[in-house]
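Trainee: I am new to this structure. Could we go through it together?

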Amino acid sequence: MENVVTSARGEDALSISESTARKYELQDPDVRLMLLVRDDDAAAFEELMLRYQRRVVTVLEHLTGKRDLAEDLAQDVFMRVYRSRKTYVPGSRFSTWLFTIVNNVASNARRSLARRKEVQVTNTVDQSGSQPANPMERIATAASGMMPTRQLDKSEMGSIVRQAIETLNERQRMAVLLSKFEEMSYADIAETMGMSVQAIKSLLSRARANLKEALQPYLQEGTVP
């Protein structure tokens, strides 16, 4: 028997077998939390946000280069998770599903920035300033406000590495961030980015070579870019 769900990319529906869904439910505690969210468990949604919000913001900041924008986009990500809850069926690790949404949100933001338009983040607070009645919506809406504005390592090396990552193209940067910060496997990164495993291996190989080249002046001579 198969369950039909909408993919995290918002594309055509995918068919996921019950055995596959059951496998991920048993293996991944975050999948079990998301299934509770599907059943409107506000505490489970809040727990998922606590586990992932900093990681999502960090990846988005690296992708956009702007902390404030990253926090707004993270709010958008969690709102998408919330809105997708009723059609959620586990077909991968939860983190893979979540970062596919992150990748989509970041791509949309970059296209908007390229067109020199402001990114408009869905605002669920009405003009009168009143809060949504649903407790889960209130949690998601409050996400950006809960996020600390400065969490990253302020060390010089951390700054240099961030600058080096910013020199990568968009795909290389995303692959490196998922590998470095999320410790995803080649297969999970491939699924998140909609590429083959071999293509991800090649992409990461080129990214590491570019990072080595970018960091070489600092590592050898202490020259700050």
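Mentor: Contact means heavy atoms within 4.5 Å. Helices (H or I, at least four residues) are DSSP runs, numbered from the N terminus. This is a predicted model: local features need pLDDT of at least 70, side-chain atom pairs count only at pLDDT 80 or more, and totals for chains, interfaces and linings use all residues. Residues are numbered from 1 along each chain as its sequence is written, and side-chain values use heavy atoms, with hydrogens and water left out.

Trainee: Which residues of α5 does α3 meet?

Mentor: Helix α3 covers residues 42-64 and helix α5 residues 94-114. From α3 come L48, Y52, R55, V56, V59, L60 and L63. Their partners in α5 are F94, S95, L98, F99, V102, A106 and R110.

Trainee: How many residues of that contact are nonpolar?

Mentor: Ala, Val, Leu, Ile, Met, Phe, Trp, Tyr, Cys and Pro count as nonpolar, Asp, Glu, Lys and Arg as charged, and the others, Gly among them, as polar. Two residues of the α3 contact with α5 are charged and one is polar. The nonpolar ones number eleven.

Trainee: Is N103 buried or exposed?

Mentor: N103 sits in helix α5. Buried means under 20% relative accessible area, exposed over 50%, partly exposed in between (1.4 Å probe, protein chains only). N103 has 11% relative accessibility, so it counts as buried.

Trainee: Which residues is N103 in contact with?

Mentor: Neighbours within four places in sequence are left aside. That leaves M174, T192 and M193.

Trainee: Which residue just after α2 takes a positive phi?

Mentor: Helix α2 spans residues 29-38. The phi is about 70 degrees, and the residue is D40.

Conventions:
Helix = DSSP H or I, 4+ residues; strand = E, 2+ residues; numbered from the N terminus. Axes fitted to C-alpha atoms, helices over the stretch in contact; angles between N-to-C directions.
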